[in-house]
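User: I'd like to learn how to read a structure like this one. Could you walk me through it, one feature at a time?

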Amino acid sequence: MEINQDTPVEKIVEAYPKSIEIFRKYGINVIICGEVVWDSIGEVCRKNGVEPELVIREITDLKKT
């Protein structure tokens, strides 16, 4: 799966559960009331004042392992 700013967080977490740790590292909570947020990675990053490319790069690196 290609990950870009429009990729839904739900799809990322479903495919790469360890990505939750990356989001947490940047102070982004992607699990609310037991459900994954429905926003795109770009939206959650902007809402939390984080550069989306930083998070995308780390998740892309995670995919390689």
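User: Is Ile28 buried or exposed?

Analyst: For that you look at relative accessible area, where under 20% means buried. Ile28 has 2% relative accessibility, so it counts as buried.

User: And which residues does Ile28 touch?

Analyst: Skip the residues up to four places away in sequence, and you find Phe23, Val44, Cys45, Asn48, Val50 and Val55 touching Ile28. Take Val50 as one of them: it is 22 residues from Ile28 in sequence, yet the two C-alpha atoms are 8.6 Å apart in space.

User: Before going on, how far can I trust the prediction? What is the mean pLDDT of the protein?

Analyst: As a general rule, where pLDDT is low, the predicted coordinates should not be read in detail. In this model the mean is 93, and 100% of the residues reach 70 or more.

User: Which elements have the lowest and the highest mean pLDDT?

Analyst: Strand E2 (residues 35-36) has the lowest, at 82. Helix H2 (residues 19-25) has the highest, at 96.

User: How many helices and strands are there?

Analyst: The protein has 4 helices and 2 strands. Read from the N terminus, the order is α-α-β-β-α-α.

User: What about overall form: how does the radius of gyration fit a compact globule?

Analyst: You set the model's value beside the one a compact globule would have. With 65 residues, that globule would come out near 11 Å, and the protein has 10 Å, which agrees. Along the principal axes, the C-alpha atoms fill a box of roughly 30 × 25 × 20 Å. Of the 65 residues, 37% count as buried.

User: What share of the contacts joins residues 24 or more positions apart?

Analyst: Among contacts with a separation of 6 or more, such pairs account for 55%.

User: Now a helix. How many residues does H4 have, and how far does it reach?

Analyst: To read a helix, compare its span with the one expected. Helix H4 (residues 52-64) has 13 residues and reaches 19 Å from its first C-alpha to its last, close to the 18 Å expected at 1.5 Å a residue.

User: Which residues of H4 are buried?

Analyst: They are Pro52, Val55, Ile56 and Ile59. Seen down the axis of H4, the buried residues fall within an arc of 100 degrees, so they line one face of the helix. The general idea: an α-helix has 3.6 residues a turn, so residues three or four places apart point the same way.

User: What do the buried residues of H4 pack against?

Analyst: Their partners are helix H1 (9-15), H2 and helix H3 (41-47).

User: Could you zoom in on Val55? What does it touch?

Analyst: Val55, in helix H4, is buried at 0% relative accessibility. Not counting residues up to four places away in sequence, Val55 touches Ile22, Phe23, Tyr26, Ile28, Ile41, Cys45 and Val50. Gln5 is 50 residues from Val55 in sequence, but their C-alpha atoms are 9.7 Å apart.

User: What is the case for Ser19: buried or exposed?

Analyst: Ser19, found in helix H2, is buried, with a relative accessible area of 0%. Beyond residues up to four places away in sequence, Ser19 touches Ile12, Val13, Ile59 and Leu62.

User: And Glu2, is that one buried or exposed?

Analyst: Glu2 has 64% relative accessibility and counts as exposed. Glu2 lies in the segment before H1. Leaving aside neighbours within four places in sequence, Glu2 is in contact with Thr7 and Lys63.

Key
Residues numbered from 1 in each chain as written. Predicted model: local features only at pLDDT ≥ 70, side-chain atom pairs only at ≥ 80, totals over all residues. Heavy atoms only, no water. pLDDT = per-residue confidence, 0-100. Expected span 1.5 Å × (residues − 1). Buried < 20%, exposed > 50% of the residue type's maximum accessible area, 1.4 Å probe, protein only. Arc of directions from axis to C-beta. Contact = heavy atoms within 4.5 Å. Rg over C-alpha atoms; globule rule 2.2 N^0.38 Å.
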